[in-house]
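Me: I'm new to reading protein structures. Could you walk me through one, feature by feature?

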Amino acid sequence: MVRMGASNDWVALPATGFFISNSGMFVTSSHVLHDQDYEGMVVLLGDGRVLPVRAVLADDERYDVAILKAEGGPVSALSLEASGETGSRVAVMSHP
């Protein structure tokens, strides 16, 4: 969320991500954390809930990945395949 100028109007700047735990940990791109105009971050769920982001748990600008924590769950986490080998190639499809 960004406050626009002196008007105090809030504007949403969408980004994509996915939950990796039912307790609210999620993965998104690191670059969404580093805009100086951001004043807060929330997660909008498909069921209409809006959850505040309370913590940055990990941030790697080099690989553009961040792990954050949203409060207000429970949420449905993405099930991850356990049989993949370390270093396997993955493909990600998303739409901001």
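Me: Which residue is the bridge partner of Phe 19 in β4?

Reply: It's Phe 26. Before going on, a word on the source: this is a predicted model, where local features need pLDDT of at least 70 and side-chain atom pairs count only at pLDDT 80 or more, while totals for chains, interfaces and linings use all residues. Residues are numbered from 1 along each chain as its sequence is written, and side-chain values use heavy atoms, with hydrogens and water left out.

Me: In what sense do β3 and strand β4 pair, and over how many bridges?

Reply: The general idea: strands of a sheet pair through backbone hydrogen bonds, either parallel or antiparallel. Strands here are DSSP runs of E, at least two residues, numbered from the N terminus, and two of them pair if DSSP finds at least two bridges between them. In this case β3 and β4 (residues 25-28) are antiparallel, over 3 bridges.

Me: What is the order of the strands in the open sheet?

Reply: Its 5 strands run β3-β4-β7-β6-β5, with antiparallel pairing. At the edges sit β3 (17-19) and β5, each pairing on one side only.

Me: How many salt bridges does the structure hold?

Reply: A salt bridge is a side-chain nitrogen of Lys or Arg within 4 Å of a carboxyl oxygen of Asp or Glu. This structure holds 2. One joins Asp 47 and Arg 49, with the closest N and O atoms 2.9 Å apart. Arg 54 and Glu 71 form another, at 3.3 Å. Arg 54 lies in strand β6 and Glu 71 in the segment after β7, so this pair ties together parts that are 17 residues apart in sequence.

Me: Is Asp 47 buried or exposed?

Reply: Buried means under 20% relative accessible area, exposed over 50%, and partly exposed in between (1.4 Å probe, protein chains only). Asp 47 counts as exposed because its relative accessibility is 55%. Asp 47 lies in the loop between β5 and β6 (50-60).

Technical notes: Helices (H or I, at least four residues) and strands (E, at least two) are DSSP runs, numbered from the N terminus.
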